[in-house]
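Please walk me through this structure in short steps.

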Amino acid sequence: MYNPPVDLSFKDLNNVTGAMSEVPRTALRPLKTNSKNKYLSHSFRLSNNNITNLVGLEFMLSNFLAQPSMLGWLDLSFNKITSIDNVLCELKELRVLYLHGNDIWNLNEVNKLGELNYLHTITLHGNGIESIKGYRAHVILALPHLKRMDFSAVTCQERVLANIWCKSLKKVKKEKHDHSKDE
């Protein structure tokens with residue numbers, strides 16, 4: 001992950017596959033390629049575009065990266081993404097995922113990422129879910145390996161409080177369910 005990212009930010013892309021015809025932005029450190037002209041990077045930047053979904057992401061990554069299955073860092077910030085596509089769960093080596101500044105409104109979308117065992121950093125601020133009560137606690141519970149969220153550390157105390165919040169929420173829901181049965 002120490003090579004610079006393949007950078008397709010600010011390309012005015014409406015979809016992921018639109019990146020296929022683009023040339024990555026040049027960085028201070030040049031991108032290295034293998035004999036097949038695929039980039040030797042484990043990082044990919046698609047930020048600041050108009051992407052609404054991730055259809056074709058795996059195909060596009062395999063077009064650019066020598067080892068797409070080893071992608072560890074993905075920046076999808078400042079797009080128009082409305083849901084967390086299951087294709088992200090196929091990126092088993094993903095450690096850092098930036099999704100801030102999108103249009104995600106359903107907090108349960110985050111649960112899909114729980115199977116990513118190496119995901120330790122995520123950004124989701126600037127999405128509609130940020131305004132939902134218990135947002136941070138929900139994300140911390142859904143992503144057990146998380147160390148950083150929205151550019152701040154996840155503390156042990158936050159984990160404990162998130163568990164307490166979850167238990168109290170379940171208790172309230174059960175009481176409401178039992179009360180509705182009585183009526």
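Thr 123 lies in strand β5, residues 121-123. Helices here (H or I, at least four residues) and strands (E, at least two) are DSSP runs, numbered from the N terminus. This is a predicted model: local features need pLDDT of at least 70, side-chain atom pairs count only at pLDDT 80 or more, and totals for chains, interfaces and linings use all residues. Residues are numbered from 1 along each chain as its sequence is written, and side-chain values use heavy atoms, with hydrogens and water left out.

Thr 123 counts as buried, at 1% relative accessibility. Buried means under 20% relative accessible area, exposed over 50%, and partly exposed in between (1.4 Å probe, protein chains only). The side chain of Thr 123 makes a polar contact with the side chain of His 100, at 2.6 Å. A polar contact is a pair of N or O atoms within 3.5 Å; within protein, one must be able to donate a hydrogen and the other to accept it, and residues adjacent in sequence count only if both atoms are side-chain atoms.

A search of the whole structure finds four aromatic pairs. Rings of Phe, Tyr and Trp (its six-membered ring) pair if their centres lie within 6.5 Å; planes under 30 degrees apart count as stacked, over 60 as edge-to-face and the rest as tilted. Take Tyr 39 and Phe 64. Their ring centres are 6.5 Å apart and their planes meet at 20°, so the pair is stacked. Tyr 39 lies in the loop between β1 (6-7) and β2 (43-45), and Phe 64 in helix α1 (residues 57-64), so the pair ties together parts 25 residues apart in sequence. Both Tyr 39 and Phe 64 are buried. Tyr 98 and Phe 151 form a tilted pair, 5.5 Å centre to centre with 55° between the planes. This pair links distant parts of the chain, 53 residues apart: Tyr 98 is in strand β4 (residues 96-98), Phe 151 in the loop between β6 (148-149) and β7 (152-153). Tyr 98 is buried at 16% relative accessibility, whereas Phe 151 is partly exposed at 46%.

Tyr 39, Phe 44 and Phe 64 form one aromatic cluster. Leu 8 lies in the loop between β1 and β2 and is buried, with a relative accessible area of 0%.

Asn 49 sits in the loop between β2 and α1. Asn 49 is buried too, at 5% relative accessibility. Its side chain reaches the backbone oxygen of Ser 47 at 3.2 Å.

What about the cysteines? Cys 89 is buried at 4% relative accessibility. Cys 156 is exposed at 67%. A disulfide is a pair of cysteine sulfur atoms within 2.5 Å. By this rule the count is zero.
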